[in-house]
Amino acid sequence: AKDALVKIKDMSCGLVDTFAYYEKAELEEGFKKTMAFQPRVIKQNRGSAGEGIWLCWLEGKDYCANFGDASLDDDDKIKLMEMNDNHVEYHTVKEFLTFCVDGPDAPGAGTWASSFPGKYLEGGKAQGGQLVDQRFLPRIAEGEVRMLMVGDVMQMIIHKKPEGGGLSAVGGNSDYTYFKPGCAEYAELESKFVNHDIPMVMKQLDLENDPLPILWTGDFIPRDGDVPGTTDYVVGEFNCSCVGISKFQAVCGGEKTLADVPDADYYESIKLTDLMGTTAVRMLLQKKQGPRYNTLLPAPADPKFKTAVIEFVIPGAKNGGSDKGPDGHRVDSIPIANGLIKAGASCDLIRYEFDKHEEFTATVESYDALLVRINPGQLSQGTTPGTQERFDTLMNAMLAKGKLVWSSPAVQTQMGAKDALVKISGTSCGLVDTFAYYEKASLEEGFKKTM
């Protein structure tokens with residue numbers, strides 16, 4: 001739906017002055033205000049190929065200096081261009097609004113050259129009746145950039161430039177240039193859209209739990225960036241209802257069938273359909289595996305136990321230590337905590353701060369179990385002397401109170417020590433001829449004999 005552009009208006013790929021109208025009164029009030037300030041684009045929700053998308057300019061009157069300073073009158077004149085064929089019409093504000101709401105034959109609508117019936121709000125919001133109002137971006141004359149997506153995979157980048165100096169790049173009104181993913185021309189836009197915007201867009205649209213469309217597009221319009229000489233791109237629309245595969249669809253509408261598609265077009269196009277197949281199967285396998293969570297899950301409403309993962313940030317170290325990501329957490333901490341949460345326990349990520357030992361002691365008292373995720377030796381880096389001993393003493397005190405600690409200080413030092421291999425030498429998983437040396441004399445005697 002076109003009002004998706006309103007939901008992403010505060011993102012870097014959106015326009016903050018984007019509005020949606022679902023009723024006549026709000027259309028009249030909103031359009032008269034936005035049109036008084038700057039050229040606008042009015043987009044209907046139901047059309048395709050540019051019908052019902054109108055570029056609007058004020059005629060015979062200056063725009064106001066600031067948004068909201070003025071509102072147009074019914075008799076003010078506007079110039080309109082419909083994007084399906086670039087035809088131009090001149091109407092009063094009242095005539096245009098009447099056409100949008102009641103159609104070209106309604107009293108007061110004037111005479112229209114458009115071959116489409118208006119009535120864009122018909123049926124109300126529930127049935128897709130809506131208009132979206134955005135500022136006009138004049139650099140659309142340079143063309144749109146279409147990101148052709150298969151799920152979360154970029155298949156192709158297409159630059160669509162309007163023919164003959166027009167402003168519409170839809171239908172047969174444009175020259176197409178094709179680029180492969182990773183091309184230098186659009187590398188920054190591709191990276192930003194695929195790696196950052198797509199997850200954010202789904203969240204803004206309240207679609208976090210829905211799969212991405214198997215075939216869809218994001219169409220971007222260039223505009224001047226905030227830094228002089230730079231270019232930013234904003235989304236003009238998403239297409240996801242039934243995106244056509246053009247070289248196959250080129251034979252539709254008559255007696256021709258798939259067999260009539262030329263070989264070159266066929267084999268070029270099945271690269272896309274084959275990618276749709278592999279992506280669909282990957283999405284099915286991911287669905288079978290369950291959803292992926294890169295952030296901490298919310299705690300159960302009634303947790304069976306209260307647990308915590310304990311981490312430590314080395315003072316002055318990048319990320320807090322080489323075992324951590326840029327968020328300061330061990331990369332495995334969130335999945336471990338989520339495993340406990342999915343099993344019915346609550347689990348917090350807490351950080352041991354050596355200079356706030358007493359506060360930390362009070363915090364851990366409330367937990368049933370603690371998972372220590374601190375690499376050996378880290379508590380001796382950049383800390384005051386005795387930090388490791390104080391931490392170990394606290395963990396032993398928790399054990400003495402009947403709480404579980406994984407792994408306890410004793411387990412870490414005894415099970416993790418290499419001479420544990422000597423202690424298990426007599427078991428079926430050990431080697432009987434395993435020895436430990438703690439002194440020079442025993443090392444010399446033992447090694448000379450075993451060697």
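## Aromatic pairs

Across the whole structure, a search turns up 21 aromatic pairs. Here, rings of Phe, Tyr and Trp (its six-membered ring) pair if their centres lie within 6.5 Å, and planes under 30 degrees apart count as stacked, over 60 as edge-to-face and the rest as tilted. One of the pairs is tilted: tyrosine 176 and tyrosine 178, at 6.2 Å centre to centre with 40° between the planes. Tyrosine 176 is partly exposed at 36% relative accessibility, and tyrosine 178 is partly exposed too, with a relative accessible area of 46%. For these labels, buried means under 20% relative accessible area, exposed over 50%, and partly exposed in between (1.4 Å probe, protein chains only).

Tyrosine 266 and tyrosine 267 give an edge-to-face pair, with 5.0 Å centre to centre and 90° between the planes. Tyrosine 266 counts as partly exposed, at 29% relative accessibility. There is also an aromatic cluster to look at, formed by Phe31, Trp54, Phe96, Phe99, Trp112 and Tyr120.

## About the model

Please keep in mind that this is a predicted model: local features need pLDDT of at least 70, side-chain atom pairs count only at pLDDT 80 or more, and totals for chains, interfaces and linings use all residues. Residues are numbered from 1 along each chain as its sequence is written, and side-chain values use heavy atoms, with hydrogens and water left out.

## Lysines over rings

Two lysines are worth a look next. Lysine 79 lies over the face of tryptophan 57, at 5.2 Å from the ring centre. The ring of tyrosine 22 has the charged end of lysine 125 over it, 4.6 Å from its centre. A charge sits over a ring if NZ of Lys or CZ of Arg is within 6 Å of the ring centre and within 35 degrees of the ring normal.

## Helix H7 and its buried side

Helices (H or I, at least four residues) and strands (E, at least two) are DSSP runs, numbered from the N terminus. In helix H7, which covers residues 333-342, the buried residues are Ser333, Ile334, Ala337, Asn338 and Ile341. These residues lie on the same side of H7, because they cover an arc of only 125° around the axis; the arc is that of the directions from the helix axis to the C-beta atoms. An α-helix has 3.6 residues a turn, so residues three or four places apart point the same way.

Strand S12 (306-311) and strand S13 (346-351) are among the elements that cover the buried residues of H7, where contact means heavy atoms within 4.5 Å. After H7 comes glycine 344, with a positive phi near 110°.

## Serine 442 in helix H12

Serine 442 has its place in helix H12 (residues 440-450). A polar atom of the serine 442 side chain lies 3.0 Å from the backbone oxygen of glutamate 439. The residue is partly exposed, with a relative accessible area of 30%.

## Backbone features in loops

Tryptophan 406 and serine 407 are joined by a cis peptide bond, with omega about -10°. Serine 407 belongs to the loop between strand S15 (404-406) and helix H10 (409-415).

Lysine 119 has a positive phi, near 55°, in a residue other than glycine. Lysine 119 sits in the loop between helix H3 (93-102) and strand S6 (131-135) and is partly exposed, at a relative accessible area of 34%. Aspartate 206, not a glycine either, has a positive phi of about 60°. Aspartate 206 is in the loop between helix H4 (187-204) and strand S10 (216-224), and counts as exposed at 65% relative accessibility.

Note on methods:
A polar contact is a pair of N or O atoms within 3.5 Å; within protein, one must be able to donate a hydrogen and the other to accept it, and residues adjacent in sequence count only if both atoms are side-chain atoms.
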